[in-house]
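Here is a short briefing on one protein model. Keep the structure open and follow each point on it.

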Amino acid sequence: MKKYIKYFIGFLLIFIGLILGLNAFGITNINIFFEGWWTLFIIVPSLIGLIEDNDKTPSLIFLILGIWLFLASRDLIEYGLLIKLLLPALLISVGLLILFKDVLNINNKEIKKLENNSNDNDYYAVFGTQKVNFDKENVQNINAKSIFGEIKLDLTNATIQKDIVISTLSIFGGINIYVPENVKIKIKSIPFFGNVEDKTKNVTSEKEITIYIDAICIFGGVEIK
């Protein structure tokens with residue numbers, strides 16, 4: 001998507017420059033700065049993202065936001081109402097995302113297959129800290145949910161015989177995952193004012209085990225070390 005956004009911005013700036021130049025010489029009299037024109041910088045890249053990106057959720061959110069701002073700039077919606085509804089809309093969107101995450105992640109065939117063929121271990125931290133050390137344990141899929149808390153998953157000495165999925169949900173919390181050196185990390189994340197950071201040395205090899213990180217971060221984060 002980044003390549004197409006670059007082209008879009010480049011051609012758009014050239015087009016605007018040409019119109020302004022022609023207007024300056026009196027050749028044309030085109031007013032390109034209509035009410036809400038600036039929202040195109042949100043709407044058009046979001047449309048491109050819906051077509052090109054595998055993870056379409058962020059593009060859909062920004063598309064809705066761009067259309068909303070365009071309507072507000074055209075006085076079809078009050079800005080005050082927009083601000084009042086922003087938090088409810090965010091909470092509803094996050095709730096729907098959590099409930100229907102599997103439906104939205106239609107591209108993630110590897111994760112779905114692994115989730116269906118393995119048992120899960122669940123860990124929670126709510127207003128607290130949980131440390132889990134998988135020392136010489138045979139690890140399968142893991143679900144970790146941190147809400148105003150912290151979870152530390154230490155898999156450095158774990159026995160990982162096949163690809164696994166670590167599904168995380170961090171809401172105003174953090175999750176630290178320590179992995180062995182001989183595994184590959186693949187991240188599938190949906191961040192809302194949060195992030196997933198891979199600090200490992202990801203040495204590629206066809207014989208390595210892959211750990212898939214399937215993360216939702218809401219004012220929280222996940223670190224893989």
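Rings of Phe, Tyr and Trp (its six-membered ring) count as a pair if their centres lie within 6.5 Å. By that rule, ring pairs link F127, F148, F172 and F219 into a cluster. Bear in mind that this is a predicted model.

**Aromatic rings**

- The whole structure holds four aromatic pairs.
- One of them joins F148 and F172. The ring centres are 5.0 Å apart and the planes meet at 5°, so this pair is stacked. The cut-off for stacked is planes under 30 degrees apart.
- F148 sits in the loop between strand 3 (141-147) and strand 4 (150-154). F172 sits in the loop between strand 5 (164-171) and strand 6 (174-178). The pair therefore ties together parts that are 24 residues apart in sequence.
- F172 also forms a stacked aromatic pair with F219. Here the figures are 4.9 Å centre to centre and 5° between the planes.
- F219 lies in the loop between strand 9 (209-218) and strand 10 (221-224).

**The nonpolar surface patch**

- Which residues form a nonpolar patch on the surface? They are Y124, V126, F127, F148, F172, F193 and F219.
- Together they have about 810 Å² of accessible area.
- Are F148, F172 and F219 buried, exposed or partly exposed?
- F148 has 41% relative accessibility, so F148 counts as partly exposed.
- F172 has 43%, so F172 counts as partly exposed.
- F219 has 39%, so F219 counts as partly exposed too.

**Salt bridges**

- How many salt bridges are there? The count comes to two.
- K199 forms a salt bridge with E223. Their closest N and O atoms are 3.5 Å apart.
- This pair links distant parts of the chain, 24 residues apart. K199 is in the loop between strand 8 (195-198) and strand 9, while E223 is in strand 10.
- Shared partners join K199, E223 and K225 into one network of salt bridges.
- K199 is partly exposed because its relative accessible area is 46%.
- E223, at 23% relative accessibility, counts as partly exposed.
- K225, at 33% relative accessibility, counts as partly exposed.

How values were computed:
Residues are numbered from 1 along each chain as its sequence is written. This is a predicted model: local features need pLDDT of at least 70, side-chain atom pairs count only at pLDDT 80 or more; totals for chains, interfaces and linings use all residues. Side-chain values use heavy atoms; hydrogens and water are left out. Patches are made of residues with over 30% relative accessible area and no salt bridge: like charges are joined within 9 Å, nonpolar side chains (Val, Leu, Ile, Met, Phe, Trp, Tyr) within 5 Å. Accessible areas come from the Shrake-Rupley method with a 1.4 Å probe; for residues, only the protein chains shown count as cover. A salt bridge is a side-chain nitrogen of Lys or Arg within 4 Å of a carboxyl oxygen of Asp or Glu. Helices (H or I, at least four residues) and strands (E, at least two) are DSSP runs, numbered from the N terminus. Rings of Phe, Tyr and Trp (its six-membered ring) pair if their centres lie within 6.5 Å; planes under 30 degrees apart count as stacked, over 60 as edge-to-face and the rest as tilted. Buried means under 20% relative accessible area, exposed over 50%, partly exposed in between (1.4 Å probe, protein chains only).
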